Amino acid sequence: MEGHLLMCHGMVDDNVQFPDIVRLTQRLIELGKENRELAGYPVEAHGFVEPSSWADEYKRIFKLFEENLK
C-alpha cells in the first residue's frame, strides 16, 4: 500500500465493528505502514450524525488533501 491513509470510524458501528479497524491498524503497524491515521468517533455508528463528528472528519480529509494531493 502506498500513499497516505485516513481511517475514520464510528466506535458504536454495528455494521463494521470497531475492533475490526483496530486489527487493521495493528496489521498496518506490523507491516511498517507509517502514513496512516485512525480517527475514532465514540458516539457514532456506521453513518455519522453528529455535526461535531462531521466537522472533524472533513477537517481531517481537507488536511490530507492539502498535504498530499496538491
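Visitor: Before we look at rings, what counts as an aromatic pair here?
Guide: Rings of Phe, Tyr and Trp, the last by its six-membered ring, pair if their centres lie within 6.5 Å, and planes under 30 degrees apart count as stacked while those over 60 count as edge-to-face. Please keep in mind that this is a predicted model.

Visitor: OK, how many aromatic pairs turn up in the whole structure?
Guide: A search of the whole structure gives three aromatic pairs. In one of them, Phe-48 and Trp-54 sit edge-to-face, with 6.3 Å from centre to centre and 70 degrees between the planes.

Visitor: And Trp-54 with Tyr-58, why is that pair called stacked?
Guide: The ring centres of Trp-54 and Tyr-58 are 5.6 Å apart and their planes meet at 15 degrees, so the pair is stacked. Both residues belong to helix α2 (residues 51-68), where being four residues apart separates them by about one helical turn.

Visitor: Which residues end up in the cluster?
Guide: Ring pairs link Tyr-41, Phe-48, Trp-54 and Tyr-58 into a cluster.

Visitor: Switching to Ser-53, what does it touch?
Guide: Leaving aside residues up to four places away in sequence, Ser-53 touches Tyr-41, Glu-44 and Phe-48, and its side chain is joined to that of Glu-44 by a polar contact of 2.7 Å. Ser-53 lies in helix α2 and is buried, with a relative accessible area of 6%.

Visitor: How far is Ser-53 from Tyr-41, going by C-alpha atoms?
Guide: Their C-alpha atoms are separated by 6.9 Å, although the two residues are 12 residues apart along the chain.

Visitor: Now the other helix, α1: which of its residues are buried?
Guide: The buried residues of α1 are Phe-18, Ile-21, Thr-25 and Leu-28. Viewed down the helix axis, they fall within an arc of 80 degrees, so they line one face of α1.

Visitor: Why would residues spaced like that point the same way?
Guide: An α-helix has 3.6 residues a turn, so residues three or four places apart point the same way.

Visitor: What covers that face, and what follows the helix?
Guide: The cover over the buried residues of α1 includes β1 (5-10) and β2 (36-41), while the helix is followed by Gly-32, whose phi is positive, near 80 degrees.

Visitor: Last one: what span should α1 have?
Guide: At 1.5 Å a residue, the 13 residues of α1 (residues 18-30) should span 18 Å, and the end C-alpha atoms are 19 Å apart, which agrees.

Technical notes:
Residues numbered from 1 in each chain as written. Heavy atoms only, no water. Helix = DSSP H or I, 4+ residues; strand = E, 2+ residues; numbered from the N terminus. Expected span 1.5 Å × (residues − 1). Buried < 20%, exposed > 50% of the residue type's maximum accessible area, 1.4 Å probe, protein only. Arc of directions from axis to C-beta. Contact = heavy atoms within 4.5 Å. Polar contact = N/O pair within 3.5 Å; in protein donor to acceptor, adjacent residues only side chain to side chain.
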